[in-house]
Amino acid sequence: MKDESGNRLGSYLRARRELITPARAGIPPGGNRRVPGLRREEVALLAGISPDYYLRLERGRDKNPSPQVLESLARVLQLDDIERTYLLGLAAARPRAPRRKRPEQVPARVHELLAHLPIPAFVEGRAFDVLASNPMAVALSPRLRPGQNRLRDLLLDPEEKEFHQDWPKATADFVAALRTTIGDDTDNPRFVELVGELALSSQRFRTLWARHDVRSLDGGSTTVRHPVVGDLHLHRDKLPVDDVILVVYYPDKDSDSDERLRLLAGLSHPEFAGAQRSGSSTRGRSPQKG
């Protein structure tokens, strides 16, 4: 991450340029191409800027492009709203004083809330560290115990790979969300430690990290393969509480997954089974997809 911190704008432009094929950009095929995506001069031409100026942007020699130039580059690189905002933020970043690092703490009231929730719920930090969890979360996955890291487990634990029905998508989403979360906080010791560890131990992480994808990982849905009760289709909501995130998983009311989650509650923690039946009526809404 240190190599990127000095020229984050150039690194991002280069990574996104390499992902846009000539066909996607409307450039006729042909010629002896040495790069998987667009050439620098092609990006410059499509964005209406000089090749020399674009080269300076990628190499970090010009770190103050105008918003108009960035908007043109976002259009050529076919960035979505989140990626475009990220690009604009990279150019707007300025040197800053070191931030005071505060330990991530779970408020006492959130511990109380976790104890009363009859659905899988846990608290995560900015780097996907599990800070607290309730019994149903651990019943859903033992890797949701406090002290675990969700991204590390996702990439390195074979059981976690089997747990996710669409593991490639899950890993891509998590790595992109991590880059979004890091933002310009590139000297945060926890981020440096995690990125360094995964870069050494996971080829999948190295491949995804090099893409410079950014993504929001808030509300959404997922399907997991529980080894005891089978497939569970669950909705996910993430709720910020102070400096941490409360994450809850819940099924559609009266669905097969609802029945299976109640079965899991009865098998793992009988005291939660009754609460699940009475509380399931509050979980029938459809979340905003994220």
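A: A cavity here is a set of grid points where a 1.4 Å probe fits but cannot get out. Note that this is a predicted model.

Q: How many cavities of 30 Å³ or more does the structure hold?
A: The structure holds 4 of them at that cut-off.

Q: And how much space lies in the largest cavity?
A: The largest cavity has about 190 Å³ of space.

Q: Which residues lie nearest its centre?
A: L144, R150, E160, F163 and H164 do, out of 16 residues that line the largest cavity.

Q: Which elements give two or more residues to that lining?
A: Those are α10 (150–156), α11 (158–163) and β3 (220–226). The most comes from α10, with 3 residues.

Q: What is the lining like by class?
A: The lining of the largest cavity has 9 nonpolar, 3 polar and 4 charged residues.

Q: Changing topic to helix packing. How do the axes of α12 and α13 cross?
A: Helix α12 covers residues 167–182 and helix α13 covers residues 189–201; their axes come within 11 Å and cross at roughly 150°. Angles over 145 degrees count as roughly antiparallel, so α12 is roughly antiparallel to α13.

Q: Left-handed or right-handed?
A: The crossing of α12 and α13 is left-handed.

Q: Which residues meet there?
A: From α12, L178, T181 and I182 meet F191, L194 and V195 of α13. By class, this contact of α12 with α13 has 5 nonpolar residues, 1 polar residue and no charged ones.

How values were computed:
Residues are numbered from 1 along each chain as its sequence is written. This is a predicted model: local features need pLDDT of at least 70, side-chain atom pairs count only at pLDDT 80 or more; totals for chains, interfaces and linings use all residues. Side-chain values use heavy atoms; hydrogens and water are left out. Axes are lines fitted to C-alpha atoms, for helices over the stretch in contact, and angles run from 0 to 180 degrees between N-to-C directions. Helices (H or I, at least four residues) and strands (E, at least two) are DSSP runs, numbered from the N terminus. Angles under 35 degrees count as roughly parallel, over 145 as roughly antiparallel, 65 to 115 as roughly perpendicular and the rest as oblique. A crossing is left-handed if the near helix is turned anticlockwise from the far one by less than a right angle, and right-handed if clockwise. Contact means heavy atoms within 4.5 Å. Ala, Val, Leu, Ile, Met, Phe, Trp, Tyr, Cys and Pro count as nonpolar, Asp, Glu, Lys and Arg as charged, and the others, Gly among them, as polar. On a 1 Å grid over the protein atoms alone, a cavity is a set of points where a 1.4 Å probe fits but cannot get out, and a pocket is an open set with protein on both sides within 12 Å along at least five of seven lines; lining residues have an atom within 4 Å of a point. Grid points are joined across faces, edges and corners, and a volume is the space filled by probe spheres set on the points.
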